[in-house]
Amino acid sequence: MTRLERLQAALERPLLVTDSANVRYLSGFRSSNAALLVEPQTVRLCTDSRYTAAARLLPGIEVVDIGRDLYGGLAELLEGEVGFEPDSVTVASFEKLRSGGASLVAFSGLVERLRAVKDEGELEAIRRAAEVTSRAYERLASEPFAGRREVDLAWRMRELFHQLGSEEEAFATIVASGPNGAFPHAEPGERVVQEGDFVLIDAGAVVDGYCADCTRTFACGEPPAELRRAYEVCLAAQEAGVAAVRAGALAREVDAAARDLIEASKFAGRFGHGLGHGVGVEVHEAPSLRAAAGDVRLEAGNVVTIEPGIYLEGLGGVRIEDLLIVTEGGAEVLTSSSKQLTIVG
Ligand code: ZN
Ligand code: ZN
């Protein structure tokens with residue numbers, strides 16, 4: 001079954017797909033102005049004349065030239081009861097859409113649930129994206145860090161991705177040095193890396209439209225004992241999290257396997273975010289691995305990160321993140337660059 005056929009099999013009423021990542025996942029079509037109207041027997045791609053010629057190459061999909069005003073055009077096209085994706089429709093677009101008289105029913109998460117389980121082609125693209133990411137980290141780790149600004153290291157990572165075959169960055173690379181590492185989502189800035197700093201780098205390559213996601217934390221010269229200890233605890237927690245991953249495991253139990261280790265250490269309370277998330281055509285997708293994940297269980301073919309962190313205000317931070325494929329018996333770890341504390345110049 002194709003992705004669209006799997007969606008059709010799960011539908012009780014027509015579904016209007018407007019989330020651009022979902023449109024791309026289902027049809028392979030990239031556009032800033034497109035929607036898919038999926039019905040049990042038919043699939044229509046609605047877009048404007050800039051995209052229609054390319055869209056007509058898609059097999060099994062009828063193309064509708066709906067004009068630049070996507071939602072205005074859709075309002076005229078839709079009739080009866082139609083599901084829509086509330087997370088991707090603004091209030092203004094919703095008002096326009098319902099002015100046509102169709103009965104709109106909010107319907108979240110269906111395509112996202114399909115996306116969470118990857119097929120072999122998707123897994124292969126993610127393996128290659130992870131491979132490029134790992135090679136980039138290895139190359140960067142062989143260079144001196146001291147005296148370079150965070151933005152310089154971020155730019156270098158981007159350059160390495162390009163050289164190694166990445167299409168783009170999965171997200172803007174995070175480089176957080178010294179005290180900046182205490183902010184989990186720090187943006188790289190003008191700070192110059194100094195001897196004794198921890199340097200946290202979070203980055204991901206993209207291959208064939210699929211993302212990777214990996215964090216490594218390096219020591220520039222000899223780190224303070226407190227940071228070295230935080231690294232040891234974080235690595236033990238990360239390895240416990242990886243070891244807990246298998247098809248059928250509760251996402252919250254995997255989170256707990258890593259979190260409990262940090263909570264039992266002197267760094268209790270210093271790991272505030274979830275343990276991990278799904279990765280695919282977008283860098284954050286289902287499933288989410290966190291304490292509040294309810295009864296979500298991992299499935300074979302999920303691709304997830306395991307990324308505990310310890311954040312120490314005024315001193316620095318450590319996060320170690322791998323990308324994994326969930327398998328029946330455990331996991332295939334895709335990110336291969338060393339997780340041992342690497343001392344750079
Ligand atoms: Zn990351
Ligand atoms: Zn991540």
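## A buried glutamate at the metal site

E321 is buried, with a relative accessible area of 0%; buried means under 20% relative accessible area, exposed over 50%, and partly exposed in between, using a 1.4 Å probe and protein chains only. This is a predicted model, in which local features need pLDDT of at least 70, side-chain atom pairs count only at pLDDT 80 or more, and totals for chains, interfaces and linings use all residues. Residues are numbered from 1 along each chain as its sequence is written, chains are lettered from A and ligands numbered from 1 in the order in which they are written, and side-chain values use heavy atoms, leaving out hydrogens and water.

## The zinc ion (ligand 1)

What coordinates the zinc ion (ligand 1)? Two entries come from D202 (OD), and D213 (OD) and E321 (OE) complete the list, at 2.0 to 2.5 Å. Donors here are N, O and S atoms within 2.8 Å of the metal (3.2 Å for Na, K and Ca), and because water is not among the atoms, sites may look incomplete.

The 4 donor atoms of this zinc ion (ligand 1) make angles of 56 to 146°, and the site is irregular. Along the sequence, the donor residues of the zinc ion (ligand 1) follow the spacing D-x10-D-x107-E. D202 sits in strand β8 (residues 198-203) and E321 in the loop between β16 (316-319) and β17 (322-326), so this pair ties together parts that are 119 residues apart in sequence. Helices (H or I, at least four residues) and strands (E, at least two) are DSSP runs, numbered from the N terminus. D202 is also buried, at a relative accessible area of 4%.

## The zinc ion (ligand 2)

D213 (OD), H277 (NE2), E307 (OE) and E321 (OE) coordinate the zinc ion (ligand 2), at 2.1 to 2.2 Å. The site of the zinc ion (ligand 2) is irregular too, with angles of 79 to 152° among its 4 donor atoms.

How far apart are the zinc ion (ligand 2) and the zinc ion (ligand 1)? They are 3.0 Å apart, and D213 coordinates both. D213, in the loop between β10 (210-211) and β11 (214-220), and E321, in the loop between β16 and β17, link distant parts of the chain, 108 residues apart. Both D213 and E321 are buried.

## Salt bridges

A salt bridge is a side-chain nitrogen of Lys or Arg within 4 Å of a carboxyl oxygen of Asp or Glu. By this rule the model has 32 salt bridges. One of them joins the side chains of D197 and R191 at 2.8 Å, N to O. D197 is buried at 7% relative accessibility, while R191 is partly exposed at 22%.

E222 and R228 also form a salt bridge through their side chains, at 3.1 Å from N to O. Here E222 is exposed, with 51% relative accessibility, and R228 is partly exposed, with a relative accessible area of 30%. Elsewhere, D19, R115, K118, E282 and E285 are linked in a network of salt bridges.

## Two helix pairs

Two packed helices are described by the angle between their axes and the distance between the axes. In this model, the axes of helix α4 (residues 70-77) and helix α5 (residues 91-98) come within 7 Å and cross at roughly 30°. That makes α4 roughly parallel to α5; angles under 35 degrees count as roughly parallel, over 145 as roughly antiparallel, 65 to 115 as roughly perpendicular and the rest as oblique. Axes are lines fitted to C-alpha atoms, for helices over the stretch in contact, and angles run from 0 to 180 degrees between N-to-C directions.

Are helix α9 (residues 225-244) and helix α10 (residues 251-263) roughly parallel or roughly antiparallel? Their axes come within 8 Å and cross at roughly 160°, which means α9 is roughly antiparallel to α10.

## Two places along the chain

L289 lies in strand β13 (residues 285-289) and is buried, at 0% relative accessibility. L289 and I306 are 17 residues apart in sequence, and their C-alpha atoms are 8.3 Å apart in space.

G28, in contrast, is exposed at 57% relative accessibility and is found in the loop between α2 (20-27) and β2 (34-38).

Technical notes:
Four donors count as tetrahedral if all angles lie between 85 and 135 degrees; four count as square planar and six as octahedral if opposite donors are over 155 degrees apart and all others between 65 and 115; anything else is irregular.
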